[in-house]
Amino acid sequence: MAKVTRKIVKISDELCTGCGKCVSPCAEGAIEIYNGKARVLREELCDGAGYCLGVCPTGALTTEERISEDFDERAVEEHKRAIANRPEFHHIMKCSLCGVTENDRPLLPIKSKGESDWVCVHCIPRLIHS
């Protein structure tokens, strides 16, 4: 596989508590808890979109531009089939304000008062204007 310069998620060992909140937002399944810490186990699975960043309560996740394996959609599909029955990849997220799930409305990660959570697109205006 070719090496390219691209954005990829970086996880700080010092800041990561191993809470696992970053695992389910990763649509590719690239992040797993390994030895008590979140890890991007295979760089070619990380698309660098960063949906995991907003839910980390300690700020351990960032993106960085660096030389890495190129993103591989075929490897992602194979990986998703391999992890399909693992419960940590099937957590349904809910809006912290109204309780609607990600199956009903799109959710966005937010940080408020030092806490990370999810808010649905319907509740965002209420959050902004309250």
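Me: How much space lies in the second largest pocket?
Reply: About 170 Å³. Keep in mind that this is a predicted model.

Me: Which residues line the second largest pocket, and which lie nearest its centre?
Reply: The lining has 11 residues. K21, S24, H91, M93 and W118 lie nearest the centre.

Me: How does the lining of that pocket divide by class?
Reply: Into 4 nonpolar, 4 polar and 3 charged residues.

Me: Now a buried charge. How should I read R6, which has no salt bridge?
Reply: Start with the cut-off: a salt bridge needs a side-chain nitrogen of Lys or Arg within 4 Å of a carboxyl oxygen of Asp or Glu. For R6, the nearest side chain of opposite charge is D70, 4.6 Å away. R6 sits in strand β1, residues 3-11.

Me: What does the side chain of R6 reach?
Reply: The backbone oxygen of E43, at 2.6 Å.

Me: Is N35 buried or exposed?
Reply: Exposed, because its relative accessibility is 67% and the cut-off is over 50%.

Me: And D72, buried or exposed?
Reply: D72 counts as buried because its relative accessibility is 18%, and buried means under 20%. D72 lies in a loop too, between β4 (61-69) and α1 (73-82).

Terms used. Residues numbered from 1 in each chain as written. Predicted model: local features only at pLDDT ≥ 70, side-chain atom pairs only at ≥ 80, totals over all residues. Heavy atoms only, no water. 1 Å grid on protein atoms, 1.4 Å probe; cavity = no way out; pocket = protein on both sides within 12 Å on 5 of 7 lines; lining within 4 Å. Points joined across faces, edges and corners; volume = space filled by probe spheres on them. Nonpolar A, V, L, I, M, F, W, Y, C, P; charged D, E, K, R; others polar. Helix = DSSP H or I, 4+ residues; strand = E, 2+ residues; numbered from the N terminus. Buried < 20%, exposed > 50% of the residue type's maximum accessible area, 1.4 Å probe, protein only. Lys, Arg positive; Asp, Glu negative; His and termini not counted. Polar contact = N/O pair within 3.5 Å; in protein donor to acceptor, adjacent residues only side chain to side chain.
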